[in-house]
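Colleague: I would like to learn how to read a structure like this one. Could you walk me through some features?

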Amino acid sequence: MLVCITAGMASVPLPSAAQDNVSGSGISEISISVGWNIGSYKETTYAPIIQNISEPRVHIGALFRRNNFLHTIKLDYMMAKPGSVLNETAVIYQEFNPVSGKPYYTPVITPCYAHRASIEYSLLYALSTKPDARFSIGGAFRTDAYIQLSNYPSVTGIFSLGPAFHQSLRLSSRDVFEFQGGIPVIGWAVRPSYAGADALLMKYAEESPLKILTLGKLVSVHNYQAVFGSVDYKHSVNDLITLKLGSDIEYSRMAVPEGRPRYDLSLNLRSGILFAF
Amino acid sequence: MKIKHTLVTVLLLLMMVSLPACSFLLGGETENTHEALFDSLWHDFNETYALFSVKGIDWNQIYNEYRPRVTNTMSTTAFFAVLGDMLSVLHDGHVYLMTPFDCMNSGGSNEDAEPFSLDLICSSYITGAKTAGEGMFTYGRLASNSRIGYIHIKSFHLGLTGLNQRQDWASDIDSVLSELADTDQIILDVRGNRGGLTGNANTVASRFTSKNTVYAVSRTKSGPGYEDFGPPVELEIKSGGSFQYTKRVILLTNHETMSAGEQFVMAMKTQDNVIQTGSATHGVFSLSLQRTLINGWKYSVSVQRVTDPKGICYEDDGMIPSEDNYCINRREDLENGVDSQFEKAVQLTVVP
């Protein structure tokens, strides 16, 4: 659940009621959000254990509309310490002192940190330009990176393409509902190996981490299913500032390597301020 | 305003419904009972452990032998003991089980470690002992002959693991070798070196490399079948650093030389100027990955099969010195201030 404060700028000073009515002129909007995320995932490559995330999340969004074309860009980042027995259980381990040659016991709590970052660009065309209900469809390119640092790191990177839509519904002169979503249908995914790590990964990590990208494979709906969407209720305080209450929802399931699926879900609630000029 | 209220209601309902939906969408978890935990551990080894055929172990037979010993009503300590007994069959130092109250290593307890003391060497055998590489290197010269250098490498591990495969401390071997450049020979001691990162081992080995060589081939499990392995990856040492020490090197090993420490020994033994002495290394070459049971207990699995370029696997056997150079340390000798393995290494510095 993401509760965000959003601040943005638009290049053209427009009456708020006009922002979604104009079809011929350009509108741009940039927003920054800070919020709270609640989600869960299960990285079965290492352990079939559900890990829960409740952490802050930052989001930068941009929207450019010219004529009937709509461009949206979203950048999203979150760092989390997932909650699960993976990093909450203290165990003991018998270590060995290589200087004295003697053993000793030490408590072990395996730290586990998760980073998640995504970049999305959508290019959409307005099929309906009615003032109260503008509907656009097109495509979206997404880059998603999920990194879990524990023992050996689990890195999942996905570059994907798929159809996307944007719908705005005007409720009043100052209130707008916006929906946006997409479904990736094809992509290039870098995942941990079947065993979790392998010699090639370690070799590439030593030579150049960028070479790890070559370890990816083509994925499509048979082994990668995902849905991304957002709902925003936008209230224009004046011509420059807008408050937003929104929710970002995503679900993804990666079944690469075979039989090692990954599930990911987050639900977000956002409120914010938009500046426009 | 009706549509506005409806949409807000839908939004709130969506949020309320989505949270409980998590467990449905994420799939279930293993039941937290002794029997389910046993099955989970056994199955994970069945599908990811890489060395059943090398060790000649019938894992299904192990299941039939140990599974009947587990009940949901048995005590947690008794359950731990059964799991420990089962994993001990593998006799693999890279396989361990850790719980909040006890731990076990399939390769044996460290209480039985082969005796060794770096403090004894520093106090009795060498002079001017210094450390470098964030304490990983201890070095000096023989008290009896300053033309012979000594370097002990405590570990190949430090700092972050994983993507950060090469660390600054390992390249400090350059400054160590610079100080010992005028020596005729070096005793390179990796006793007690339990391994770490292959990248660090390769970095240090590169400073002793006169000919670039593939020293090992590693294959990682890529599927649930016992022989499902990914493509072979060659591990190679290449000359590195500002200069290479290519004079005679006496490489001291013992049973506590493990993992990346053993890969280092494999790499060094490809060089003509290197002689191994001491005792056999531990015999664990695989990458060991830690995993977690649903109750929070942690265990590790060996997921690789590492061989030399000819396909010979040294798992269990370790890297063994030649019969003439084989030597073990006895605890009582060490307690009396005598490191027999070190003294054997000194003998080998005398070129006939």
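Predicted model: local features only at pLDDT ≥ 70, side-chain atom pairs only at ≥ 80, totals over all residues.

Colleague: Now the sheets. How should I think about strands lying beside one another?

Modeller: The general idea is that the strands of a sheet pair through backbone hydrogen bonds, either parallel or antiparallel. For a case, take the open sheet of 4 strands in chain B, with the order β2-β1-β12-β11 and antiparallel pairing.

Colleague: Which strands stand at the edges of that sheet?

Modeller: Those are β2 (103-105) and β11 (288-292) of chain B; each has a single partner strand, so one side of each is left without a neighbour in the sheet. On average, neighbouring strands here are turned by 15° against each other, direction ignored. You can follow one pairing by eye: β11(B) and β12 (residues 298-302) of chain B are antiparallel over 5 bridges. Within that pairing, B:T292 has B:K298 in β12(B) as its bridge partner.

Colleague: How many strands form the sheet that runs from β3 to β10 in chain B?

Modeller: That open sheet has 6 strands, in the order β3-β4-β5-β6-β9-β10 (chain B), and its pairing is mixed. Its edge strands are β3 (126-132) and β10 (274-278) of chain B, each pairing on one side only. Neighbouring strands are turned by 20° against each other on average, direction ignored. At the β3 end, 5 bridges join β3(B) to β4 (residues 137-142) of chain B in an antiparallel pair, and B:K130 is bridged to B:Y139 in β4(B). A helix packs on this sheet too: α11 (residues 340-348) of chain B touches β4, β6 (185-189), β9 (248-253) and β10 of chain B. The direction of α11(B) makes about 150° with that of β10(B).

Colleague: Over to chain A. How many bridges join β5 to β6 there?

Modeller: There are 6 bridges between β5 (residues 91-96) of chain A and β6(A), and the two strands run antiparallel. One bridge pairs A:F96 with A:P103. The hairpin has 6 residues between its strands, and A:G101 takes a positive phi near 75°.

Colleague: Why does β6 of chain A lie largely in the open?

Modeller: Count its buried residues: of the 6 in β6 (residues 103-108) of chain A, the number buried is 0, so the strand lies largely in the open.

Colleague: And A:A195, is that residue buried or exposed?

Modeller: A residue is called buried if 20 or more other C-beta atoms lie within 10 Å of its own. A:A195 is buried, because 29 other C-beta atoms lie within 10 Å. You will find A:A195 in the loop between β11 (186-190) and α2 (199-207) of chain A. In sequence, A:A195 and A:T45 are 150 residues apart, yet in space they are 7.0 Å apart, C-alpha to C-alpha. Across in chain B, A:A195 touches B:T48, B:T220, B:K221, B:L289 and B:V303.

Definitions and conventions: Residues numbered from 1 in each chain as written. Chains lettered and ligands numbered in written order. Pairing = 2+ DSSP bridges. Axes fitted to C-alpha atoms, helices over the stretch in contact; angles between N-to-C directions. Buried ≥ 20, exposed ≤ 12 C-beta atoms within 10 Å, placed from the backbone. Contact = placed C-beta atoms within 7 Å. Lists of a residue's contacts leave out its neighbours within four places in sequence.
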